[in-house]
Amino acid sequence: MLGTGVVGQTLATKMVDVGHDVVMGSRDAANDTAAEWVASVADGGRADTFAGAAEHGEIVIQRHVGPGLLGRWGLAGADNLAGKVLVDVANPLDFSHGMPPT
């Protein structure tokens with residue numbers, strides 16, 4: 001899982017619940033949000049960098065949109081992503097004009 005936000009945590013938690021070994025990646029392996037998630041799932045989840053998460057997974061899930069996305073792929077590393085299945089769950093909603101988003 002590339003990202004520690006609500007969407008990433010929700011998907012990662014369900015994946016652990018059904019028996020998958022999940023690594024939640026962020027820029028820093030000691031990310032507080034990722035550490036809290038690891039504590040909440042007990043076994044089956046750990047935190048690492050984007051590179052560590054991408055290297056670990058057979059499937060890589062990313063949920064980030066916007067200009068930071070390309071930087072995230074760079075931090076994950078091309079070699080770590082090569083041959084992997086990518087699931088992109090980004091939802092680029094624009095709330096700048098209020099509700100409902102566009």
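Q: Buried means under 20% relative accessible area, exposed over 50%, and partly exposed in between, with a 1.4 Å probe and protein chains only. What is the relative accessible area of Phe95?
A: This is a predicted model: local features need pLDDT of at least 70, side-chain atom pairs count only at pLDDT 80 or more, and totals for chains, interfaces and linings use all residues. Residues are numbered from 1 along each chain as its sequence is written, and side-chain values use heavy atoms, with hydrogens and water left out. Phe95 sits in the segment after E4. Phe95 is partly exposed, because its relative accessible area is 49%.

Q: How far apart are the C-alpha atoms of Phe95 and Arg63?
A: Along the chain, 32 residues separate Phe95 and Arg63.

Q: Which residue follows H1 with a positive phi?
A: Helices (H or I, at least four residues) and strands (E, at least two) are DSSP runs, numbered from the N terminus. Most residues other than glycine have a negative phi. After H1, a phi near 105 degrees belongs to Gly19.

Q: What distance separates the end C-alpha atoms of H1?
A: The expected span of a helix is 1.5 Å times one less than its number of residues. H1 has 12 residues, so it should span 16 Å. The model agrees: the end C-alpha atoms are apart by 16 Å.

Q: Within what arc do the buried residues of H1 fall?
A: Gly8, Ala12 and Val16 are the buried residues of H1. Seen down the axis, they line one face of the helix. The arc is taken from the directions from the helix axis to the C-beta atoms. Its value is within 60 degrees.

Q: Which exposed residues does H1 carry on the face turned away from its buried side?
A: The buried residues of H1 pack, by heavy atoms within 4.5 Å, against strand E1 (22-26), helix H2 (32-41) and strand E2 (45-49). The face turned away from that buried side carries Val6, Thr10, Lys14 and Asp17.

Q: Is Ser26 buried or exposed?
A: Ser26 lies in strand E1. Not counting residues up to four places away in sequence, Ser26 touches Thr4, Asn31, Asp48, Thr49 and Phe50. With 4% relative accessibility, Ser26 is classed as buried.

Q: Which side chains meet in a salt bridge?
A: A salt bridge is a side-chain nitrogen of Lys or Arg within 4 Å of a carboxyl oxygen of Asp or Glu. Searching the whole structure gives 1. Arg46 is partly exposed, at 35% relative accessibility. At 3.1 Å, N to O, the pair is Asp48 and Arg46.

Q: Which elements give two or more residues to the nonpolar patch?
A: Patches are made of residues with over 30% relative accessible area and no salt bridge, joining like charges within 9 Å and nonpolar side chains (Val, Leu, Ile, Met, Phe, Trp, Tyr) within 5 Å. Val7, Leu11, Ile59, Val85, Val87 and Val89 form this surface patch, with about 410 Å² of accessible area together, by the Shrake-Rupley method. Two or more residues come from helix H1 (6-17) and strand E4 (85-88).

Q: What is the relative accessibility of Leu11?
A: Leu11 belongs to helix H1. Leu11 counts as partly exposed, because its relative accessibility is 31%.

Q: What is omega for the peptide bond from Met99 to Pro100?
A: Most peptide bonds are trans. Pro100 lies in the segment after E4. The bond from Met99 to Pro100 is cis, with omega near -10 degrees.

Technical notes: Accessible areas come from the Shrake-Rupley method with a 1.4 Å probe; for residues, only the protein chains shown count as cover.
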